[in-house]
Amino acid sequence: MSRAIRTTVLAVLGLIWLLPVYLLLINASKAPETFTSTESWKPTDFSLFGNIGEAMRLSGLAESVASTLLYAVVSPAIAVLVGAAAGFAIVALKLRHGFAWFVLIFGGTVFPIQMILLPMFDAYSRMSLFDTRFGMIIVYTAISIPFSAFVMRNFFTGIAHSVFEAAVLDGASTWRIFLRVYLPMASSALVAIFILQATFIWNDFLLGLVLSQSDDVRPIVTSLAGMQSTYGGAQMSTVLAGGLLVSLPTVILFLFTQKFFARGLALGQ
Amino acid sequence: MTDKTPTAKTPGQRYRWSARGFIAPGVFLVAVLLYLPLLWTTFLSFTDYNGLGDPEWIGIENYVEMFDDPQFIGSVLNTLLWVGGTLLVPVGIGLGVALLTWNLKGGVWLRLPFLIPYALSGIGVAVIWSFILGSNGALDQALAAFGIADTPRWLVDSPLNTVVMILATSWQAVGVNALLFTIGLQSIPKEPLEAAKLDGATGFRLFRSILWPMLRPLTVVVIGLSIVASLKTFDIVQGMTKGGPGRSSETLALTMYRETFVNSEYGLGSAIAVFLTIVTLAAAILYLRQQLSSKNEG
Amino acid sequence: MRSRRITLGVAAAVAASLVLAACGSGGGDDDGAKTGTLDFYTNKAAWEPDFDELNATSKTGVNIDLNTTGYSDAAQYDAFIRQSFRTDKSPGLFTWQTGPSLGELVDEGLIAETTDIWTKAVNEGWISEDLRNTYTFGGKQYCVPMNIAYWVMYYNKNIFAEQKIEVPATWDDLNAAADKLKGAGITPYYQTSTLFTFPWFQQMVAGTDPALYKGLATGEVKYTDPRIVSVMETWRDQQEKGWFSDAGSTVDPAVGLKQGDYAMINFGSFFNGSLDGAGMVSGEDYGMFVIPATNPGLAKTPVAVESGPLCVAENSSQKTLGMAYSEWWMSPDAQTAWSKARGDVAFNPKATVNDPMLKELGTTIAGGAYETYDRYYETTPTPILTVALEQFGAFIANPGDPLPFLEAIQAEADKYWADQE
């Protein structure tokens, strides 16, 4: 297909994809007092900043920003490395029963998270991890590992084993091969996993709900979710404005990491 | 983590300890934080427990009750619809977007619209899609502008409600899949590609002969993740229809939630969770075994 | 060897989780503090700013301030609280719901008794004897009321004025109003097919015969009873006349009333806050009235009341603190501040209510012509309620012969009451 056709198809499809975002934006900008649902597509007025202010006041989410940022950076960073190490062990080092170990790790994602929340709360409160930042970091790390191990394991299978053997002949230790050869080759995959998991953690609601309590430990979306309910609370445009505000950092993260995916990799060299 | 003295062993034996050292942190964290609580859940599935007092052992009664519930079949069918639907739509479009943006000038920016929905918080997504799909909502208003007034009740009529929720999920999931496929495309070595191009392979033939086989490691990831995620579909349905009207759009994860959290039947809810886990794990193992069997597995 | 090691590992893990199970009875020792910061958990997360606002008053009143943690998902909140009794985090103060759910906790001995607080409050004239019954289990009282709300009919005043409709005084008036609105192309009532599917059923059953309504909650009346079937048939007829809003609408109820999607909405008196937030003015753009009884022969008009309790866990390390706060909570000072913060009616007749319309509602219902009954959501045992809400939802989505829906509910009720024997 020619470049022009490809660009056109993508642009049209992209515009369709942005329509709900457009709706989100203009409806988050409407003043709650004049909001109606009958003119969804028309921008009526611009009170976005007022709505954002109201959302911050109602949810108290300002206090959650620092801790959420901490979780969303530290946990996926550890998880990416731990997952890459697991993939390296299975693929490059040919760990015995590698598939079984892989299934064991991957199996950590197959059950619905709701099922383990209550025993986790129980265990956390017994081990004094409940409502601590450390406790939140390790649970987010653990939950990010299976995805990371899965992607990295499969990514590494794309690298010829001769790369590993060549490094061994050079006298490099496995640790060094992992750090200096495999990780750099996988940089785009590592970044992709990192941003996807950071986004997931940033937007997490459930774990934060059950495992934390104080305003400075609770993650941001858990704080935000509190303001919407049948029993009064925020109006829809306020909820949307809050949702928009919370999404801003992740959208920016996606914007700034795009350059990692712009170029192909010269694999194997 | 030290290397053993090199001898004439296979790599698997030679790096046995090193390999164990590399995989240990992952196994440890997952086992302690995810599997231990799951064991407790499995234990609960054989008990009668309302969250207060102590669980009472009742054997397989919960499993019997689970299969007795006529709605259970409905939930299984809805869940299967989710699995099929999310394999078809977001995986397909994701692959399409990745291929179209590959090696395209400005492709990075053309891919961005598909990634933004993933970056949005779940609250905003559920609210905005309810807003779009509700009766006389944004979609109906748009259709009315084109003269289409007689629209179905998107979120009320079954199984239409499940179908439109699958589309809403696709909206969010396409970007991730496109990103993963893009990584796959980038990891394709240049030489065979150049060689194929020199042979005159373009378009679909290039895709079939070179790209598709080379994409396989990442295709496995995308499909594997899609199956697992769709089997435990919860958030969007809970956010939009709560499984209703009646129980018409309930998935297995919602049935589990209903018994555990709404009815405080922890035993029955746990039994559904165990069933769901076994099905998902079986599907994942079967799929992965088949896909990975030709690879040089240790 | 490997498999043995794995077996051992699994065995150790099972043992660990059983240990987790064995140390069942959690809870800390009461530290005896009477002032300080009290950890408070609530499923009304949206009210968190209101509770924070109250801290100024409680600080000077009893020198206690609340550290509020809100949960937006009621079912998950429920599970969290149940689980917390096993740990040393059992709450010093938490919200719950009245009826069988509270009874269950009381039966397990998990809730601190508040009989002394109630005796004092009733003697002071701070609270009605009626409400005490809702909080009485086995002759003793537990918890104190966080709030009360009356379920009434809100209406759009502008629409009523345009259509020259008076506030209905009888059931026939109400039907006439609905007919007239429909004739003018306006949908009379709001409805939803998820979660809040019960109010109209509750209203018509209680309005037909309060004893019939109470019988449903105790299992003495079957859902397939001809009188219940007849109520459902009335409901279906109204559905067929197009009196209810589209079941698939996702518009916020307050916005819907504002933009005239429907003229009336049956809701709890806490709805004022939402309507004000949507830009309507109390008494000017919207009004409210007590829904007339379906059966004009009733001596008193039944009004649904919703009351959420504030409870203290028996084994909480903050039990003394929680009890001190509960005692203060009943006082007119506390209730005046609460009514102001929340914008709702107050259970304490000596408290001052600012909103004139809510104040009037409180006095009207306290007068002799009305009797209150507990809301369907609280009085119905949970498993039956779950099925009932779903069946009403299905009925609302596709109205038809009511019997299959009622039979489904009754099947669950039969199962529940058989288990209670």
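Reply: Happy to. The crossing of α9(B) and α10(B) is right-handed, meaning the near helix is turned clockwise from the far one by less than a right angle. Helices here are DSSP runs (H or I, at least four residues), numbered from the N terminus. This is a predicted model, where local features need pLDDT of at least 70, side-chain atom pairs count only at pLDDT 80 or more, and totals for chains, interfaces and linings use all residues. Residues are numbered from 1 along each chain as its sequence is written, with chains lettered from A and ligands numbered from 1 in the order in which they are written.

Me: Which residues of α9(B) and α10(B) make the contact?
Reply: Residues are in contact if their C-beta atoms, placed from the backbone, lie within 7 Å. From α9(B) come P192(B), L193(B) and A196(B), and from α10(B) come L206(B), S209(B) and I210(B). By class, that's 5 nonpolar, 1 polar and no charged residues. Ala, Val, Leu, Ile, Met, Phe, Trp, Tyr, Cys and Pro count as nonpolar, Asp, Glu, Lys and Arg as charged, and the others, Gly among them, as polar.

Me: At what angle do α9 and α10 of chain B pack?
Reply: Two packed helices are described by the angle between their axes and the distance between the axes. Axes are lines fitted to C-alpha atoms over the stretch in contact, and angles run from 0 to 180 degrees between N-to-C directions. Here α9 (residues 190-198) and α10 (residues 203-231) of chain B pack at about 150 degrees, with axes 11 Å apart. α9(B) and α10(B) are therefore roughly antiparallel, the word for angles over 145 degrees.

Methods. Helices (H or I, at least four residues) and strands (E, at least two) are DSSP runs, numbered from the N terminus. Angles under 35 degrees count as roughly parallel, over 145 as roughly antiparallel, 65 to 115 as roughly perpendicular and the rest as oblique. Two residues are in contact if their C-beta atoms, placed from the backbone, lie within 7 Å.
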